[in-house]
Amino acid sequence: IAQHEQYREPLGWMCDLFGCAIPLRNDASQGIKTLTMVAHAIDNVPDQSDQLRIKATFMNQASYVQAYPVLSVKLSNKDGQVIAMRRFRPQEYLTNNIPVDAGLPARTAIEVFIDIIKPDTPVMSYQIDFL
């Protein structure tokens with residue numbers, strides 16, 4: 001219920017009375033496209049031949065703070081078959097100095113780095129989705 005704008009204000013009043021907190025909006029989990037990928041790249045990790053580094057910049061284009069999304073990363077081979085897939089929670093891709101609970105501010109971009117073990121099969125493409 002708290003994910004729908006029309007219910008947030010009444011829920012806020014109830015939480016003021018009962019001492020609860022309303023969770024941050026999570027548009028990605030509702031299929032709403034207010035998070036956009038600004039840039040992304042995949043490369044080898046320097047001095048780590050068995051690892052790949054994904055660098056991604058995404059933006060909250062909404063006029064409100066949102067929860068950081070779960071990032072789904074899929075790696076594919078030359079035939080387009082998925083050879084590896086993993087979901088990363090915000091605690092796994094944000095640096096320690098970014099408070100996850102504060103959320104991604106409105107109209108703000110963030111750059112993240114994700115290091116992964118290189119699959120045995122060569123990676124020819126990758127896909128990042130917001131969940």
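This is a predicted model: local features need pLDDT of at least 70, side-chain atom pairs count only at pLDDT 80 or more; totals for chains, interfaces and linings use all residues.
Trainee: In what order do the strands of the open sheet come?
Mentor: The order is 1-2-5, with three strands forming the open sheet and antiparallel pairing between them.

Trainee: And which ones are the edge strands?
Mentor: Strand 1, covering 35–45, and strand 5, covering 108–117, are the edge strands, each of them pairing on one side only. On average, neighbouring strands of this sheet are turned by 15° against each other, if direction is ignored.

Trainee: How many bridges join strand 2 to strand 5?
Mentor: Ten bridges join strand 5 to strand 2, which spans residues 48–60, and the two run antiparallel. As for residues facing each other, leucine 52 stands opposite isoleucine 116 in strand 5.

Trainee: Switching topic, is asparagine 26 buried or exposed?
Mentor: Asparagine 26 has a relative accessible area of 17%, and because buried means under 20%, this residue counts as buried. Asparagine 26 lies in the loop between helix 1 (5–18) and strand 1.

Trainee: What is asparagine 26 in contact with, leaving aside neighbours within four places in sequence?
Mentor: With those neighbours left out, asparagine 26 is in contact with Gln3, Gln66, Ala67 and Leu131.

Trainee: Now the largest nonpolar core: which residues have the most contacts inside it?
Mentor: Those are Phe58, Leu71, Tyr93, Val112 and Ile114, in a core of 20 residues. At least two residues of this core come from each of strand 2, strand 3 (71–76), strand 5 and strand 6 (125–130).

Trainee: What does leucine 71 touch?
Mentor: Not counting residues up to four places away in sequence, leucine 71 touches several residues, including Phe58, Tyr93, Val112 and Ile114, and also Arg86, Arg87 and Asp129.

Note on methods: Residues are numbered from 1 along each chain as its sequence is written. Side-chain values use heavy atoms; hydrogens and water are left out. Two strands pair if DSSP finds at least two bridges between them. Helices (H or I, at least four residues) and strands (E, at least two) are DSSP runs, numbered from the N terminus. Axes are lines fitted to C-alpha atoms, for helices over the stretch in contact, and angles run from 0 to 180 degrees between N-to-C directions. Buried means under 20% relative accessible area, exposed over 50%, partly exposed in between (1.4 Å probe, protein chains only). Contact means heavy atoms within 4.5 Å. A nonpolar core is a set of buried Ala, Val, Leu, Ile, Met, Phe, Trp, Tyr and Cys residues joined through side-chain atoms within 4.5 Å.
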